[in-house]
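Trainee: Could you take me closely through one part of this model, with the cut-offs behind each term?

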Amino acid sequence: MTPLLFIEQVLNGLQFGVMLFLMAAGLTLVFGVMGLINLAHGSLYMVGAFAAAAVAGWSGSFLLALVAALAASAAAGAIVELTVIRRLYDRDHLDQVLATFALILIFSEGTRWLFGSFPLFLDIPDWLSGPVTLPGGIEYPLYRLAIIAVGLSIATGLFWLIARTRLGIRIRAGESDREMIAALGVDISRLYTIVFALGAALAGLAGAMVGAIQSVQVGMGEPVLILAFVVIVIGGIGSIKGALVGALLVGLTDTLGGLLLPEAFKLFMETSDATATGSALASMLIYILMAVVLVWRPRGLFGGAT
Amino acid sequence: MSRERMVNAALMALLLGVPLWAWATDEPFTITLATRVAILALAGVGLNIALGLGGLVSLGHAAFFGIGGYAMGILASHAQSYTPLMESPFLLEGTKSMPVIWLVAILASALAALVIGALSLRTSGVYFIMITLAFGQMLYFFSISWPAYGGEDGLSIYLRNGFPGLNTLDPIQFFALCFGCLAAALWFNARLVRSPFGLALNAARQSPERVETVGLGTFRLRLVAFVISGAITGLAGALFADLNRFVSPGMFSWQMSGEIMVFVILGGVGRLYGPVAGAALFITLEHVLGGISPFWHVWLGFLLLLVVLFARGGVIGLLAGRRVAHD
Amino acid sequence: MTDPVLVTKGLTKSFGAVRASHDVSLDLRPGEIHAVIGPNGAGKSTLIAQICGGLKPDAGRVSFAGRDVTHLPTRARARLGLARTFQVSALAMEDTVLQNATLGALGAKGARAGLPGLLGDALAAGDLRDTAMSALERVGLAEHAATVTSALSHGQRRQLEVAVALTLRPRAFIMDEPMAGMGTEGSQRMTAFLDGLRDEAPILLVEHDMDAVFALADRLSVLVYGRIIATGSVDEIRANAEVRKAYLGEDA
């Protein structure tokens, strides 16, 4: 293993982590503000990817595809919030789990109905394709670098939104005392719709950007959703900072574990056995990380006190 | 006899009567469907102990279903290839005997439930849901990337495993075995609900503070419930694998966890026979709607949404009315 | 004089800038009813939570039955014989009255047996049922044994709270407003009942019903802004200048 490969994998881990952050941020906001666990967040990721693939196929423009992804997932989020989700705020978590599981079924099979079972492909546009040479002579795909940049700037934007804007103040107030801010004349149900649509748009954007690296297909959202849950468990529910730290930790652990564990096992095992054992263990690494955090801090790294 | 009891008796009579009729009219496919219902209901009975009685919303019960399945797959595959599981420090052979496989499936899934439960129960509420889901996914990925037992492709078993005194290749006899397991689990569950443990666990769901105040530990109560729950679902996994003579990572998937939960909810949470009603409805819908449209999950989704939003008692609630406290 | 059953020394607990308990020291002696009174927000609930184990104090100690229990969880304190009733009923609302009382009996027995049994019938005739039924009879709820708890009136729920505490056969009772929600008649009956109970085990009584407090208390402690400003007999407290000032705004 060369240092170059290692740095490349660190960048891959960052890119993966940044994508997870976009998913986890919406989930953690929705949970923090509305107290809702949303399994269908992965479906919104899928909606973004399909919208982007469809629009890119029709118009040929990648930027238009991204805009479509944002718009479609935000709209899907708003519609779902208005019709189903808002009936669930006062329900227990079991009802929320089931209703959003039902939404997954509807979204997944509905999409299969519309687009068929074959995966779609979203091409990286010319102006973002090809490698760039980084300082130190590392060649790295420009598109993945762009994802990291977009993700980090969205993270910065979110921190600014929460800390500085009027919407952010209302979101933070909604986390601590919803009756109070309702009494102060804030239209709480509109606030909820906006927060939900915002989270949906972030998920849709993530889906569209990842769609250009992987294939766009039904069921692509749920594995990412579950990883985003791991991120939230590690970072602490409701904390955007926790989501960012957790996402980068999970992204780097997963990518580097897949690289380093088989190498480590080669030190005392046969090569083929080491690769098998190493990669099997690497597939569990982030969950082991989650278990360790749980034992150490059951409320996550940035979660509130019990 | 209360109305719920009559509904329960009718359900079991139906589950027993349909395959018997199918046997008489030589419709083996219907018997297989009924066997699926019995097995999936058994998995639901397991989950219902954690979910209905303990209030533990586990979205990772596929972990135990899958472990039960792989317990069967691993033991039987070694037996059919005449290779031992291990030779040192002692010789361990595979087996084609159901009782042994069941015991291993129960013990292995109970052990997994002990570890997963001990970690997950450090938290509660939405954390618990996400963590159980994540541990299920962990085993899913592990089963895919561990090449020794088929990896992504899973394991096929040529011949169904045997049970002393029965011909398990005969669909109706295998159904009888599965039905027997389900009946035993339901009987055990009924005893558990009435037992001191069940009383304490049920109270811990409603008012954990109270349970601690009388000197009982809620963590220990819940952990024991989770282990029992996992063990029963594990047994169902072993039977399910035997029904299909096939086990694959799909048994560990989050969809499987979701479906087991759907059986429980469609039937009615906390109702003893809820999982039976739920699994029967699910398989019937799959069979009927699946014949009309390949996208029947959309309709299942809408149905589930309606049940959650408007009919929280599930099938049993609809038929038997509101729950009345016993005694 | 016999040793006190329960002693708190210097309990201090803050929530942010609010000091809910400030250097609270009190004791509960065998055979007495020690009432804690104080205006709303004086920190009575916080004090009870620290005594029973729901909250950890920032500083100070709690000892019970001769042991330092400051770091023991709620269930361990219960096993040592500390029985608590809740201000807002913490009962299993879907269960029957008898089931709730049986839970207490189970807890008292579980101190020896560890985990409750998996197979027996909790409500079958036997020790558990006898303990539970006799506690229900004592508080006057026996005829409601089969009633679902959520169908009880607020006053009856208080009675059930007391019955659950009785099943524990405790060494001390901590009662958080056992008269709340009861009518005059109910209060009087409960007062008479608690009056006799003090010989079984002493009672630390937090109560708003002053008639009951003055009728029952051997000693009174007055809690204001998290601090005990006076402890003494009913007459001493009535005459205490600081108490008059706190309650009536009179100048000393």
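Mentor: What follows is a close look at one pair of packed helices.

The model is predicted, so to speak of local features a pLDDT of at least 70 is needed, side-chain atom pairs count only at pLDDT 80 or more, and totals for chains, interfaces and linings use all residues. Residues are numbered from 1 along each chain as its sequence is written, while chains are lettered from A and ligands numbered from 1 in the order in which they are written.

Helix H10 (residues 254-267) of chain B packs against helix H11 (residues 274-292) of chain B at an angle of about 110 degrees, and their axes lie 6 Å apart; helices here are DSSP runs of H or I with at least four residues, numbered from the N terminus, and axes are lines fitted to C-alpha atoms over the stretch in contact, with angles from 0 to 180 degrees between N-to-C directions. H10(B) and H11(B) are therefore roughly perpendicular to each other, a label for angles of 65 to 115 degrees. Among the residues making the contact are B:Val262 and B:Phe263 of H10(B) and B:Leu281 and B:Phe282 of H11(B), where contact requires C-beta atoms, placed from the backbone, within 7 Å. The residues of this contact divide into eleven nonpolar, three polar and no charged; Ala, Val, Leu, Ile, Met, Phe, Trp, Tyr, Cys and Pro count as nonpolar, Asp, Glu, Lys and Arg as charged, and the others, Gly among them, as polar.

Turning to the contact between the chains, 35 residues come from chain B and 36 residues from chain A, and H10 of chain B is one of the helices that each supply at least two residues of the side of chain B that touches chain A. The largest share of that side, 14 residues, comes from H5(B).

Methods. Parallel < 35°, antiparallel > 145°, perpendicular 65-115°, else oblique. Contact = placed C-beta atoms within 7 Å.
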